Amino acid sequence: MRLNVTVNGEPHEADGVWEGESLLHVLRERLGLPGAKNACEQGECGSCSVYLDGQLVCACLVLAGQAEGREVTTVEGLAPEDELSPVQEAFLEAGAVQCGFCTPGLIVATDDLLGRNPEPTDGEIREALAGNLCRCTGYEKILDAVRMAAARR
Ligand code: FES
Ligand code: FES
């Protein structure tokens, strides 16, 4: 099937999309946007987090066909090219990035949290990021980064 979707403000068309194909696969393999990571493909790790019409979703759980005619924002769309968003800067400065595999998903999830709740408590941060798994950092630096990003908004 042919898919028409707007990604990071730009219209895209993809041909030959198969019925069971995920939005994550389209983003990474057809549109050349590798920011959303492919780890579990089961909605368990949050590494593929993107916005779909402004709602935070796991792109691995969204069928490409469900994105027809809709707007997707990936981590690549959170800041102008060659610039970092305030959340990305905070993650770097706080040392919240080790292997980096979880980072794009955490950045999008943090962006979503702070958009809804600019001054989250630690409990609210933990709850909002509970679906984003990190195998490296132990989460303390990630919490520091989210607090830093919130304080700067
Ligand atoms: S790859 Fe989508 S939640 Fe893990
Ligand atoms: S920094 Fe490696 S999984 Fe989070």
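A pocket here is an open set of grid points, on a 1 Å grid over the protein atoms alone, with protein on both sides within 12 Å along at least five of seven lines. This is a predicted model.

**Stop 1: the largest pocket**

Select Gly-35, Val-75, Glu-76, Ala-79, Pro-80, Glu-81, Asp-82, Glu-83, Leu-84, Gln-88 and Pro-104. These residues line the largest pocket. The space inside is about 230 Å³. Colour the lining by class: five residues are nonpolar, two polar and four charged.

**Stop 2: α2 against α5**

Now select helix α2, residues 86-94, and helix α5, residues 140-152. Their axes come within 8 Å and cross at roughly 135 degrees. The crossing is right-handed.

Show side chains next. On α2, pick Val-87, Glu-89, Ala-90, Phe-91, Glu-93 and Ala-94. They meet Lys-141, Ile-142, Asp-144, Ala-145, Val-146, Met-148, Ala-149 and Arg-152 of α5. This contact has nine nonpolar and five charged residues, with no polar ones.

**Stop 3: α3 against α5**

Select Leu-106, Thr-110, Leu-113 and Leu-114 on α3. Their partners on α5 are Ile-142, Val-146, Ala-149 and Ala-150. By class, seven residues of this contact are nonpolar, one is polar and none is charged.

Note on methods:
Residues are numbered from 1 along each chain as its sequence is written. Chains are lettered from A and ligands numbered from 1 in the order in which they are written. This is a predicted model: local features need pLDDT of at least 70, side-chain atom pairs count only at pLDDT 80 or more; totals for chains, interfaces and linings use all residues. Side-chain values use heavy atoms; hydrogens and water are left out. On a 1 Å grid over the protein atoms alone, a cavity is a set of points where a 1.4 Å probe fits but cannot get out, and a pocket is an open set with protein on both sides within 12 Å along at least five of seven lines; lining residues have an atom within 4 Å of a point. Grid points are joined across faces, edges and corners, and a volume is the space filled by probe spheres set on the points. Ala, Val, Leu, Ile, Met, Phe, Trp, Tyr, Cys and Pro count as nonpolar, Asp, Glu, Lys and Arg as charged, and the others, Gly among them, as polar. Axes are lines fitted to C-alpha atoms, for helices over the stretch in contact, and angles run from 0 to 180 degrees between N-to-C directions. Helices (H or I, at least four residues) and strands (E, at least two) are DSSP runs, numbered from the N terminus. A crossing is left-handed if the near helix is turned anticlockwise from the far one by less than a right angle, and right-handed if clockwise. Contact means heavy atoms within 4.5 Å.
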